[in-house]
Amino acid sequence: MLMSRTSVGAAICAGLLLTAPGMAQTHHITTLGRAPLLGTSTSRAQMSQLAHANSERLALAGQKLGMTSAEYRSFKAGLSTAKYVVVPRHLDGMSWYDGGTYVTADVMIPAGTRGWEVDVVRNEHLLRVFMPATCGNLSILRSMQPRLAAKPAKASVESSMEKMAMAPPPAPVATEAPVPTPAPVAQVAEIHPAPAAVHHARFGWLPYLLVGAVIPLLFHGGSQSQPAPSGPVPVTVVATPVPIVTPCPPAR
């Protein structure tokens, strides 16, 4: 009886249609809104109010979908900035409510469904959380987001060197020729020639020779023009001192 009620509620509230028997096959949902988790929202603010009013239901749905506590906290923190997008058709899981919170894995929803999206990144995993605007059924889609490995410094240097080698050489820039600096000129003192030596220094004896030659002529000329004096010629006698020799006193 219990299983029959659960199956009927799933089919009526979630619009769940099974294309083939078996749990491993995708569940195609033709209509959303028959078993809403939060209800219809027309704005981000209204969706946030519904999430706050049904916080326990929403937390249980996240737990059944496999969200960790850290992922759920990040999701709740991102509700205020959630993006309004077209929800992907294929989802890893969708929650719904019919007297209780349920989850259906591997579902396909109608094309063009609009709703709210909050992305949660943990290491290399990307968790995309969706809530269709029609029903507010919390849904998830997980994917890998590998980080780009940082290039080693050596490779970066080699790449830069290759780019520099391939780059065309810069155009030469015309520059004025440098003005050569004049060589220092040695300051040479101006040398003036010494005045010519006076010939008197070389021929200083010449005046005396002339005087000696002229004096006899004067005397001879005078004797011819004047008569010789009569009488005796005075003779001047010059007394020559005779040295007096004094014997040395005897030694005592």
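Helices (H or I, at least four residues) and strands (E, at least two) are taken here as DSSP runs and are numbered from the N terminus. By this reading the protein has seven helices and eight strands. The model is a predicted one, in which local features need pLDDT of at least 70 and side-chain atom pairs count only at pLDDT 80 or more, whereas totals for chains, interfaces and linings use all residues. Residues are numbered from 1 along each chain as its sequence is written, and side-chain values use heavy atoms, with hydrogens and water left out.

Of the 252 residues in the protein, 25% are buried, where buried means under 20% relative accessible area, exposed over 50%, and partly exposed in between (1.4 Å probe, protein chains only). Where contact means heavy atoms within 4.5 Å, residues 24 or more positions apart account for 57% of the contacts with a separation of 6 or more.

Two groups of paired strands can be described, two strands being paired if DSSP finds at least two bridges between them. In one group, strand 4 (residues 90-97) runs antiparallel to strand 5 and is joined to it by seven bridges, with His-90 having Met-108 as its bridge partner in strand 5. These two strands form a hairpin with three residues between them, and Gly-99 in the turn has a positive phi of about 75°. Strand 5 (residues 101-108) also pairs with strand 2 (residues 27-29), here in the parallel sense and over two bridges; the partner of His-27 in strand 5 is Val-107.

In the other group, strand 6 is joined to strand 7 by eight bridges, and the two run antiparallel. Trp-116 stands opposite Met-131 in strand 7, and in the hairpin of these strands, which has two residues between them, Asn-123 takes a positive phi near 55°. Strand 6 also pairs with strand 3 (residues 83-86), in the antiparallel sense and over four bridges, with Glu-117 of strand 6 as the bridge partner of Lys-83.

A nonpolar core is a set of buried Ala, Val, Leu, Ile, Met, Phe, Trp, Tyr and Cys residues joined through side-chain atoms within 4.5 Å. The largest such core has 21 residues, and those with the most contacts inside it are Leu-58, Met-67, Phe-75, Leu-79, Met-131 and Leu-138. At least two residues of this core come from each of helix 2 (44-53), helix 3 (55-64), helix 4 (69-77), strand 6 (114-122) and strand 7 (125-132). A second, separate core of eleven residues includes Ile-29, Val-85, Cys-135 and Leu-141.

Helix 4 has Glu-71, Tyr-72 and Phe-75 as its buried residues. Seen down the helix axis, these residues fall within an arc of 95°, so they line one face of helix 4; the arc is that of the directions from the helix axis to the C-beta atoms. The face turned away from this buried side carries the exposed residues Ser-69, Arg-73 and Ala-77. The cover over the buried residues of helix 4 includes helix 3, strand 6, strand 7 and strand 8 (139-144). Not counting residues up to four places away in sequence, Phe-75 touches Leu-58, Met-67, Val-118, Val-120, Val-129, Met-131 and Leu-138.

Asn-137 lies in the loop between strand 7 and strand 8, and it counts as buried because its relative accessibility is 2%. Among the residues that Asn-137 touches, leaving aside those up to four places away in sequence, are Ala-35, Pro-36, Trp-96 and Phe-130.
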